[in-house]
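Here is a walk through one protein model.

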Amino acid sequence: MSPLNETATLWADTACVLGEGPVWCQRRGALLWTDIEGATLWMRTPATGATASWRLPDRAGSLALCASGRVLLGLAKGLAFADLDRGTTGVLPVTPAAAVEADEPRTRINDGRTDRSGNFVFGTMNEEHAATGARLGHIYQFSPRHGLRRLNIDPVAITNSICFSVRGRTMYFADSLDRRVMQADYDAATARVANVREFARLSTTTGVPDGSIVDADDCLWNAVWGQGRLQRYSADGA
């Protein structure tokens with residue numbers, strides 16, 4: 001596949017310190033995303049051009065939409081539910097759902113994605129990775145039914161690229177410092193993986209794999225941090 005010769009254009013003038021995790025909400029006809037370092041949740045409605053934002057009690061690394069209409073936030077040290085319909089302008093009350101790595105001050109929640117069975121799968125990262133290189137992060141699955149369960153994946157420094165194949169049986173993830181995207185056989189019911197293997201490796205000496213998503217053709221799109229570039233991979237890693 002030849003590179004796409006497209007140019008990105010400005011869609012919403014909502015400058016973030018560290019904008020991450022865009023999620024389309026069909027119910028609201030709006031895009032939601034988080035400014036991690038700004039501890040802010042953003043929402044833009046294309047049909048009206050309206051933009052809203054709410055300050056959060058802590059930094060949010062990722063988010064997921066709930067069937068109830070609420071939003072599940074991956075705050076720095078725990079998961080929490082937020083009701084956008086109850087929040088006033090600039091204020092968003094949250095309800096804690098699960099503490100995450102409360103005994104490890106060096107980590108925070110980073111990338112996360114809903115699997116095809118409706119569970120939220122997310123990972124943590126070592127905020128001191130540049131100084132220590134230590135792999136202190138882990139990958140978890142959360143659901144109201146099973147609570148918090150840690151996946152059997154080796155510790156990571158910076159969790160990213162979590163997403164799932166169209167049928168949900170393959171999970172993708174990355175430790176960004178490894179500069180490659182991994183894949184594994186995924187069992188949503190037991191929160192276990194098997195046959196972890198390399199899916200794709202960055203071919204350049206700069207940039208690292210950040211967020212990813214799988215499209216309707218089972219191709220994976222990855223945002224390359226440090227290069228301002230998107231890469232699309234077929235299901236076989238090409």
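The model is predicted. Begin with the loop that holds D218. This loop runs between strand 18 (208–214) and strand 19 (220–225). D218 has 26% relative accessibility, so it counts as partly exposed. Its phi is positive, at about 65°, although D218 is not a glycine.

E101 is not a glycine, yet it has a positive phi of about 50°. E101 sits in the loop between strand 9 (94–99) and strand 10 (107–114). Is E101 buried or exposed? Its relative accessibility is 12%. Buried means under 20%, so E101 counts as buried.

Now turn to the rings. A search of the whole structure finds six aromatic pairs. One of them joins W33 and W42. Their centres are 6.2 Å apart, and the angle between the planes is 5°. Planes under 30 degrees apart count as stacked, so W33 and W42 form a stacked pair. Both W33 and W42 are buried.

F164 and Y186 make another pair, with ring centres 4.9 Å apart. Why is this pair called tilted? The planes of F164 and Y186 stand at 50°. F164 belongs to strand 14 (residues 159–164), and Y186 to strand 16 (residues 180–187). The pair therefore ties together parts that are 22 residues apart in sequence. F164 and Y186 are both buried.

Rings also join into a group. F120, F122 and Y140 are linked by ring pairs into a cluster.

Next, look for charges over rings. The charged end of R44 sits over the ring of W11, 5.3 Å from the ring centre. R70 lies over the face of F81. Here the distance to the ring centre is 4.0 Å.

Last come the cysteines. A disulfide is a covalent bond between the sulfur atoms of two cysteines. How many disulfides does a search of the whole structure find? It finds zero. Take C66 as a case. The closest cysteine sulfur to that of C66 is in C25, 10 Å away. The cut-off for a disulfide is 2.5 Å, so this is too far for a bond. C219 is in no disulfide either. For C219, the nearest cysteine sulfur is that of C163, at 12 Å. C219 has 9% relative accessibility and therefore counts as buried.

Technical notes: Residues are numbered from 1 along each chain as its sequence is written. This is a predicted model: local features need pLDDT of at least 70, side-chain atom pairs count only at pLDDT 80 or more; totals for chains, interfaces and linings use all residues. Side-chain values use heavy atoms; hydrogens and water are left out. Helices (H or I, at least four residues) and strands (E, at least two) are DSSP runs, numbered from the N terminus. Buried means under 20% relative accessible area, exposed over 50%, partly exposed in between (1.4 Å probe, protein chains only). Rings of Phe, Tyr and Trp (its six-membered ring) pair if their centres lie within 6.5 Å; planes under 30 degrees apart count as stacked, over 60 as edge-to-face and the rest as tilted. A charge sits over a ring if NZ of Lys or CZ of Arg is within 6 Å of the ring centre and within 35 degrees of the ring normal.
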